[in-house]
Amino acid sequence: MYELTVEGGFSAAHVMRGHPGACARFHGHNYRVLLGVEGDTLDATGMLVDFAELKIVFHGVLDELDHRNLNEIPPFDTINPSSENLARHLFERLSEAFSGRVRVSRVTVYESATNSVTYREA
Ligand SMILES: [Zn+2]
């Protein structure tokens, strides 16, 4: 099994509805995102997937959230834009975007330099 990891990021604002503390106030994060993809079979050039192709799709999906108020974008207009929900959303969007060409193994969202959440299928 091979697993590739690429790193990207986006900047966005949000509020955490129902949060008892400061997170209920409008604020922003420079999110850092790690994407893991996996597979068993290499192509004729010895690669699972070209990093260049991986990054085009990855950055396209991240651009959907970049410089936005996350609370205005579905599904975060109805569920909180927590890092947990962001990681699952990105996992699902990226799985869709790769449409079976490569399997997404995990998505890690850093909301700060020291706090991160990883979503992967059990
Ligand atoms: Zn926040």
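Colleague: What is the order of the five strands in the open sheet?

Modeller: Happy to go through it; this is a predicted model, in which local features need pLDDT of at least 70, side-chain atom pairs count only at pLDDT 80 or more, and totals for chains, interfaces and linings use all residues. Residues are numbered from 1 along each chain as its sequence is written. Strands (E, at least two residues) and helices (H or I, at least four) are DSSP runs numbered from the N terminus, and two strands pair if DSSP finds at least two bridges between them. With mixed pairing, the open sheet has the order β3-β1-β2-β4-β5.

Colleague: Which are the edge strands?

Modeller: An edge strand here pairs on one side only. The two that do so are β3 (68-69) and β5 (116-119).

Colleague: Which residue of β3 is the bridge partner of A12?

Modeller: Strand β1 (residues 2-14) and β3 run parallel, joined by two bridges. For A12, the bridge partner in β3 is R68.

Colleague: And in β4, which residue is the bridge partner of V33?

Modeller: Here β2 and β4 run antiparallel, with seven bridges joining them. In β4, V33 has as its bridge partner V109.

Colleague: How many residues lie between β4 and β5 in their hairpin?

Modeller: These two strands pair in the antiparallel sense over four bridges, and Y110 has S116 of β5 as its bridge partner. Between the strands of the hairpin, the number of residues is five.

Colleague: Which residues have the most contacts inside the largest nonpolar core?

Modeller: A nonpolar core is a set of buried Ala, Val, Leu, Ile, Met, Phe, Trp, Tyr and Cys residues joined through C-beta atoms within 7 Å. Buried means 20 or more other C-beta atoms within 10 Å of a residue's own, exposed means 12 or fewer, and partly exposed is in between, with C-beta atoms placed from the backbone. The largest core has 22 residues, and those with the most contacts inside it are V33, F58, L90, L94, V107 and V109.

Colleague: Is H67 buried or exposed?

Modeller: H67 lies in the loop between α1 and β3. Although H67 is not a glycine, its phi is positive, about 55°. With 10 other C-beta atoms within 10 Å, H67 is exposed.

Colleague: One last thing: what is omega for the cis peptide bond that joins P74 and P75?

Modeller: P75 has its place in the loop between β3 and α2. For the cis bond joining P74 and P75, omega is about 5°.
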